[in-house]
Amino acid sequence: MCSTLALGLFSAGASLMQGMAQADAIRAQSEAQARAQEANARIAQQKAHDAIERGGQDELALRRNIAQQKGHNRAAMASAGIDIDSGSAQDIQNASIQESEHDAAAIRFNAARERWGYITQSENLLEQAAMSRANGDSAANNALFGGLVNFGQGLAGMYYNNMGSSPLTQQNNYPSWVNTFGPEHSRRNGRRF
């Protein structure tokens, strides 16, 4: 009987330990996943910053190129004897400046849109990291609870095996005083509840 009790305790304890180990493994896995998502969020934030930097550099390069082209065109028109500050020459220069500003605005807009995409990605990854941790905690708690339930069932099974019966399998095995107030007693005495 002692060896049966020891075996039962060992089995119940093993169930509890298994639940604890499973809970630890689940938490570790969800934490690793959350950290990877946070690292990816930081990368997306860096890309967002880089998008604006690159946009600014592209706009600056465009403006330098335009200024060089404008200077070259003015020199070419002046060497051809055209009055560069009036008439058609002035209109051509103004149209060129206006088109250049549209190009610069497109560069800024595209950089801002790219930045927004990376910021959105970063925020989503941070949300996913928080959800990974929450889901991991929930699953770990469920595993631990399952281990506790198995532990309790093992102890209850040992107790009832040593006692010889379980309350679930007993047939009306109540103390004698319970039967004096039960349905059997009331039928014998003609009372109804």
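Is Arg 54 buried or exposed, or does it fall in between? Arg 54 is partly exposed, with a relative accessible area of 33%; buried means under 20% relative accessible area, exposed over 50%, and partly exposed in between (1.4 Å probe, protein chains only). The model is predicted: local features need pLDDT of at least 70, side-chain atom pairs count only at pLDDT 80 or more, and totals for chains, interfaces and linings use all residues. Residues are numbered from 1 along each chain as its sequence is written, and side-chain values use heavy atoms, with hydrogens and water left out.

**View 1. The protein chain has four helices and zero strands.** Its pattern along the sequence is α-α-α-α. Helices (H or I, at least four residues) and strands (E, at least two) are DSSP runs, numbered from the N terminus. Of the 193 residues in the protein chain, 18% are buried. The protein chain exposes about 14,000 Å², and carbon and sulfur atoms supply 56% of this area; accessible areas come from the Shrake-Rupley method with a 1.4 Å probe, and for residues only the protein chains shown count as cover. Contacts (heavy atoms within 4.5 Å) between residues at least 6 apart in sequence join residues at least 24 apart in 80% of cases.

View 2. Asp 50 counts as partly exposed because its relative accessibility is 37%.

**View 3. Glu 114 forms a salt bridge with Arg 54.** The closest N and O atoms of this pair are 2.7 Å apart. Glu 114 is partly exposed, with a relative accessible area of 28%.

**View 4. A salt bridge joins the side chains of Glu 31 and Arg 133.** The N to O distance is 2.8 Å. This pair links distant parts of the chain, with Glu 31 in helix H1 (residues 2-79) and Arg 133 in helix H2 (residues 87-163), 102 residues apart. Glu 31 counts as partly exposed at 25% relative accessibility, and Arg 133 counts as partly exposed at 24%.

Key
Salt bridge = Lys/Arg side-chain N within 4 Å of Asp/Glu carboxyl O.
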